[in-house]
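Biologist: I would like to learn how to read a structure of this kind, step by step. Could you take me through it?

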Protein chains: 2
Amino acid sequence: MTTSSKNAAFGAALGEAAEAVDTALDQILPKPEGLHARVHEAMRYAVFAGGKRLRPFLVLQSARLFAVRREQAVRVAAAIEALHTYSLVHDDLPCMDDDDLRRGRPTTHKAFDEATAVLAGDALLTIAFEILADPATHESASVRCRLVSELARAAGCNGMIGGQMIDMQAAEAAFGADEVMLLQRLKTGALIEFSCAAGAILGEAGAEDEARLRSYAHDVGLIFQITDDLLDVLSTAEKTGKAVGKDQGQGKATLVSLLGIDAAREKAGALSRHAIETLAPYGETADVLRALPPFLLRRES
Amino acid sequence: MTTSSKNAAFGAALGEAAEAVDTALDQILPKPEGLHARVHEAMRYAVFAGGKRLRPFLVLQSARLFAVRREQAVRVAAAIEALHTYSLVHDDLPCMDDDDLRRGRPTTHKAFDEATAVLAGDALLTIAFEILADPATHESASVRCRLVSELARAAGCNGMIGGQMIDMQAAEAAFGADEVMLLQRLKTGALIEFSCAAGAILGEAGAEDEARLRSYAHDVGLIFQITDDLLDVLSTAEKTGKAVGKDQGQGKATLVSLLGIDAAREKAGALSRHAIETLAPYGETADVLRALPPFLLRRES
């Protein structure tokens, strides 16, 4: 394939993943009903906010490498996106990052109220595990249990939640590059890693394949963070739909503030090459995954 | 056994359950470590607050009916108590019930801060599923998956979270007995029901036994709510360690406010007799479970 046809294939795959996971979530999330309909409404409001669906894309594409049935991969993608959405809803709360806008529209606690946002987040976290444990997700209960275990670990107090805890203390802390990379690895890296590992787990692929996908995910997670930081420094409010320069305003160290813009770009480039090399054993099936790191590098422009 | 020796056996069983689940949680919950130690500390602060451990007691005793290995039942009890604790931490938040004290000491957001309390709650919810999915909980992955599914359902947006959502709207709503009973069934009943059903699930006992345990749990949950409401009306701050008359002060309907004290007591008595009859097939093994409803009825004095 030429570069431009690869780009087109990548864009199409990203769009397809978003469509597939949105359809699945619409079917899985409860319809607003009963005296507690408000929590159902808030769950849907938070989930259907037009996100990039990067994690579902990673699940679907990693699952393709191991010939996983698509409807199974889509369910896991839905679980991860529900869990990712919960983390955004709670992170936006006044006692956390105190954000009024996300993707250009009111955050869940602004559109509803704080109590409803806490509960909707709790419910999205809970339903993620319900989705994974359901027999429709995989015929083997052992595989389903591994998905539950690995997601709980990735999202828990030594994963994503631990990362957010560190982030809450970051404004007052004098973090160096090691601490900032740990923060990123936990806060966003753990769930990205699970998204990629999920394909290997669903396909019962074995430890070597799983480790390869985790390594790829590790690179992608770091590229994502660096380009996010670059966006934060360079972009304008119109493009991202959220307040710009926020991390800098709060005095938080980032890889970009620590390394400088040029060195951070260079690091992201090296990670991109490494991520692509990691996928060598999978041939053309991995072309779409290979297109992701360059796509992320282009985000800032 | 005489009534007094039955009471002694019940008290001993309640104490043993508390000790067993506390030991397990101390082993399972992460030791405070790393840049994110604060969330580990808050999890432990919230969990080790001297609760009655009613739900662990129900798991252990229902598991005894089906000859479940004790260490397996203790792990499920630990998962349920972690999840129950998360619900208390989030319910106490300023945006929810806004409680400064629980069991006579500062609530988690008072002892730490709101962000840490939200995260510690999230982490306790997450670890509950990690505990259940772990092979140490049961040798059969199908059983572990059922535990995950059933807990997620009991705790989710059509279970406990749904109940809390209704409760948040209760002050403004003109609820009748049906709505109040639905609120209770979701908010506290669902988790009590799962605690009792867990014994049957762990023992792979089949649908009839599970239904019996769920019926017993349904009665116990309602007795618990009625006696809690009676305590709220009748007791003093010293005895319960939390603000008294709170529900009434907020204008929320309760079964006691709707039925009156005498009729509520009568209803609780009838539920107690029904719960005890339900356990008839299990002979003496169920004696301790049979002692629970009368114990709850005596709470108010």
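Predicted model: local features only at pLDDT ≥ 70, side-chain atom pairs only at ≥ 80, totals over all residues.

Biologist: What pLDDT does chain A average?

Modeller: pLDDT is the predictor's confidence in each residue, from 0 to 100. Chain A averages 93, and 94% of the residues score at least 70, while the model has an ipTM of 0.95 and a pTM of 0.95.

Biologist: How many helices and strands are there in chain A?

Modeller: Helices (H or I, at least four residues) and strands (E, at least two) are DSSP runs, numbered from the N terminus. Chain A has 15 helices and two strands, and its C-alpha trace spans about 55 × 50 × 35 Å along the principal axes.

Biologist: What radius of gyration does chain A have?

Modeller: The radius of gyration is taken over C-alpha atoms, and the globule rule is 2.2 Å times the number of residues to the power 0.38. For 301 residues a compact globule would have a value near 19 Å, and chain A, with 19 Å, agrees.

Biologist: How is the packing of two helices described?

Modeller: Two packed helices are described by the angle between their axes and the distance between the axes. Axes are lines fitted to C-alpha atoms, for helices over the stretch in contact, and angles run from 0 to 180 degrees between N-to-C directions. In chain A, the axes of helix 1 (residues 3–28) and helix 15 (residues 287–298) come within 9 Å and cross at roughly 95°. Helix 1 of chain A and helix 15 of chain A are therefore roughly perpendicular, a term for angles of 65 to 115 degrees.

Biologist: Which residues of helix 1 of chain A meet helix 15 of chain A?

Modeller: Two residues are in contact if their C-beta atoms, placed from the backbone, lie within 7 Å. Lys6(A), Asn7(A), Ala9(A), Phe10(A) and Ala13(A) of helix 1 meet residues of helix 15 of chain A, including Val288(A) and Phe295(A).

Biologist: Is Thr3(A) buried or exposed?

Modeller: A residue is buried if 20 or more other C-beta atoms lie within 10 Å of its own, exposed if 12 or fewer, and partly exposed in between. Thr3(A), which lies in helix 1 of chain A, counts as exposed because it has 9 C-beta neighbours inside 10 Å. Ile131(B), in helix 6 (residues 114–133) of chain B, is buried, with 27 other C-beta atoms within 10 Å. Among the residues that Ile131(B) touches are Ile28(B), Arg75(B) and Thr137(B).

Biologist: How many residues of helix 8 of chain B are buried?

Modeller: Helix 8 (residues 160–170) of chain B is mostly covered, with 10 of its 11 residues buried. These buried residues pack against helix 2 and helix 6 of chain A, and also against helix 4 (70–91), helix 7 (141–155) and helix 9 (177–202) of chain B.

Biologist: How many residues does each chain give to the contact?

Modeller: The contact takes 44 residues from chain A and 44 residues from chain B. On the side of chain A that touches chain B, helix 6 of chain A gives the largest share, 12 residues.

How values were computed. Residues numbered from 1 in each chain as written. Chains lettered and ligands numbered in written order. Parallel < 35°, antiparallel > 145°, perpendicular 65-115°, else oblique. Lists of a residue's contacts leave out its neighbours within four places in sequence.
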